[in-house]
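Work through the exercises below with the sequence and the coordinates open, and try each task before reading its solution.

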Amino acid sequence: MAAVIRNPPVQSKALHSPPLDEVASVLSGGLKGNFAEVDVRVVPCPDLTKEPFTLACKGLGGSPRLVEVGGVPYLVPLVQRDRLYDLKDVGSWAEVEPAFVIGAGAGPWPYAGVNCEMMVNMEVAAGRVSNHTRIARVDPGDGSCVQEVLPDSETRCALLANLFCAQGTPGQVLQVICKKRTGADDFVSSIRKTLQSFYKDKAVGLGGTFLLKEGKAKQHVMPDFSTVPLNSDADVENWLRFFNMSAPLIAVGTLVSADPGLDLRVQHFHSFSHHGKGGHYHIDTEPDAAHYLGYFAVAEAVCRVDKPQVTHLIGRD
Ligand SMILES: [Zn+2]
């Protein structure tokens, strides 16, 4: 059995964390360039453990952090199977206790038997895990997507992850509602680019969840590791399996408006469902029907864990 990396190097940097009201007003203006209907406001976080979100904790409050683990360079051009982490450790890396951890990563191949997508959704309190994390893989027989919930005992993640970590307490959050996509950008890109154009080189990080209520989304699921090197974005695209998945889809992940020199993946959301499908979110595919409801917190800091020494920009979309 492959061993997890117990004490990976961790670098932390403060992020620019403007008041929620300011971010809401910036997004209210900018998102109208991409969606016909936009409503952004600051609200008390609804209970995210309830339908439709079904997350492990109620809120996004309490020392909100972005945690980026590993990176695509451990997957591409060829997999580095020794890059295996235990997400029970996220709270200690980020100095958050208890730790509510949600986001997008590569699933534990030693458990699944193959490479897979991971929709992280867990709480770790005093070492006890409440795991609602799902993985999605490609059925080698018929090429379909197969999603399953991980047991509390399986908290490993491979290669890379973009996580939001907080104590999971209630509190004020950003509520972002967008309907009917009129522009070319997906929901996450339009938020990120709006923040980037306002905040310039000040890095603002958001983490949280969004629901695609109506329509469908283009999502990929990684098949098993490539045995030939993937040397370009085109190679990665040809290797991935793409699906058109139906709403409702519940996405979890992070975005950051600028990279403060930590070789970050600037946006990464995976979504799961209660109808057996899940994967890496790219974009809604029925723009007229697109209806998003998101809840986000502004992260105070970013923790970079086991940053690859040799890096590249392939496969970050
Ligand atoms: Zn992904």
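**Exercise 1.** How many residues does α4 have, and what distance does α4 reach from its first C-alpha to its last?

Solution. The model is a predicted one, in which local features need pLDDT of at least 70, side-chain atom pairs count only at pLDDT 80 or more, and totals for chains, interfaces and linings use all residues. Residues are numbered from 1 along each chain as its sequence is written, and side-chain values use heavy atoms, with hydrogens and water left out. Helices are DSSP runs of H or I with at least four residues, and strands are runs of E with at least two, numbered from the N terminus. Helix α4 has 13 residues and reaches 18 Å, close to the 18 Å expected at 1.5 Å a residue, where the expected span is 1.5 Å times one less than the number of residues.

**Exercise 2.** Identify what lies at each end of α4.

Solution. After the helix comes K200, whose phi is positive, near 55 degrees.

**Exercise 3.** Which residues of α4 are buried?

Solution. Taking buried as under 20% relative accessible area with a 1.4 Å probe and protein chains only, the list consists of F187, V188, S189, S190, I191, R192, T194, L195 and Y199.

**Exercise 4.** Describe the order of the strands in the open sheet.

Solution. Nine strands, paired antiparallel, follow the order β2-β11-β18-β12-β15-β16-β17-β13-β14, a pair requiring at least two DSSP bridges. The edge strands, each pairing on one side only, are β2 (35-44) and β14 (241-246).

Conventions. Buried < 20%, exposed > 50% of the residue type's maximum accessible area, 1.4 Å probe, protein only. Polar contact = N/O pair within 3.5 Å; in protein donor to acceptor, adjacent residues only side chain to side chain.
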